[in-house]
Amino acid sequence: MIRSTGRIRVTHQGTLPKPDDVRQMVLDREAGKPYDEGAYNRRLQSAIREAVQLQLDAGIDSINDGELSKVLFSSYVNE
């Protein structure tokens, strides 16, 4: 556990908003539609880097991927 005596540490819970193109790719993949796996992986990684940078810029202490690769929480069960 990370402890702090100088300030309250911050994080967020749940899914961060996805860029429109990433949202569509994730929906297509989840629905079993054909997709370009290489393009999907590259774009997902760049979107995660963007989300991480935004969290760092906002001063978030516990950074995560924002569940950008998931449609819903149930996606964890399906995988």
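Accessible areas here come from the Shrake-Rupley method with a 1.4 Å probe, and for residues only the protein chains shown count as cover. This is a predicted model, in which local features need pLDDT of at least 70 and side-chain atom pairs count only at pLDDT 80 or more, while totals for chains, interfaces and linings use all residues. Residues are numbered from 1 along each chain as its sequence is written, and side-chain values use heavy atoms, leaving out hydrogens and water.

View 1. You'll find 3 helices and 0 strands here; helices (H or I, at least four residues) and strands (E, at least two) are DSSP runs, numbered from the N terminus. The accessible surface comes to about 5,800 Å², and 54% of it belongs to carbon and sulfur atoms. Of the 79 residues, 24% are buried. Buried means under 20% relative accessible area, exposed means over 50%, and partly exposed is in between (1.4 Å probe, protein chains only). Among contacts between residues at least 6 apart in sequence, 62% join residues at least 24 apart, where a contact means heavy atoms within 4.5 Å.

**View 2. Tyrosine 35 and tyrosine 40 form an aromatic pair.** A search of the whole structure finds 1 aromatic pair, and here the two rings sit edge-to-face, 5.6 Å centre to centre with 70° between the planes. Rings of Phe, Tyr and Trp (its six-membered ring) pair if their centres lie within 6.5 Å; planes under 30 degrees apart count as stacked, over 60 as edge-to-face and the rest as tilted. Tyrosine 35 is partly exposed at 36% relative accessibility, whereas tyrosine 40 is buried at 5%.

**View 3. Lysine 18 is buried yet has no salt bridge.** Look for this residue in the segment before helix 1 (20-30). The nearest side chain of opposite charge, glutamate 67, is 6.9 Å away; Lys and Arg count as positive and Asp and Glu as negative, with His and the chain ends not counted. For a salt bridge, a side-chain nitrogen of Lys or Arg must be within 4 Å of a carboxyl oxygen of Asp or Glu. What does a polar atom of the lysine 18 side chain have 2.9 Å away? That's the backbone oxygen of lysine 70. Leaving aside residues up to four places away in sequence, lysine 18 touches Arg23, Glu67, Leu68 and Lys70.

**View 4. Aspartate 20 and arginine 23 meet in a salt bridge.** Their gap is 3.8 Å, N to O, and the two are separated by about one helical turn because they are 3 residues apart in helix 1. Aspartate 20 is exposed, at 57% relative accessible area, while arginine 23 is partly exposed at 38%.

**View 5. Asp21, Arg43 and Glu50 are linked in a network of salt bridges.** The search of the whole structure turns up 5 salt bridges. In the one between arginine 43 and glutamate 50, the closest N and O atoms are 3.4 Å apart. Arginine 43 is buried, with a relative accessible area of 18%, but glutamate 50 is partly exposed at 39%.

**View 6. Isoleucine 60 sits in the loop between helix 2 (37-58) and helix 3 (74-78).** The C-alpha atoms of isoleucine 60 and arginine 9 are separated by 7.7 Å, although these residues are 51 apart along the chain. Not counting residues up to four places away in sequence, isoleucine 60 touches Val10, Thr11 and Gln55.

Methods:
Polar contact = N/O pair within 3.5 Å; in protein donor to acceptor, adjacent residues only side chain to side chain.
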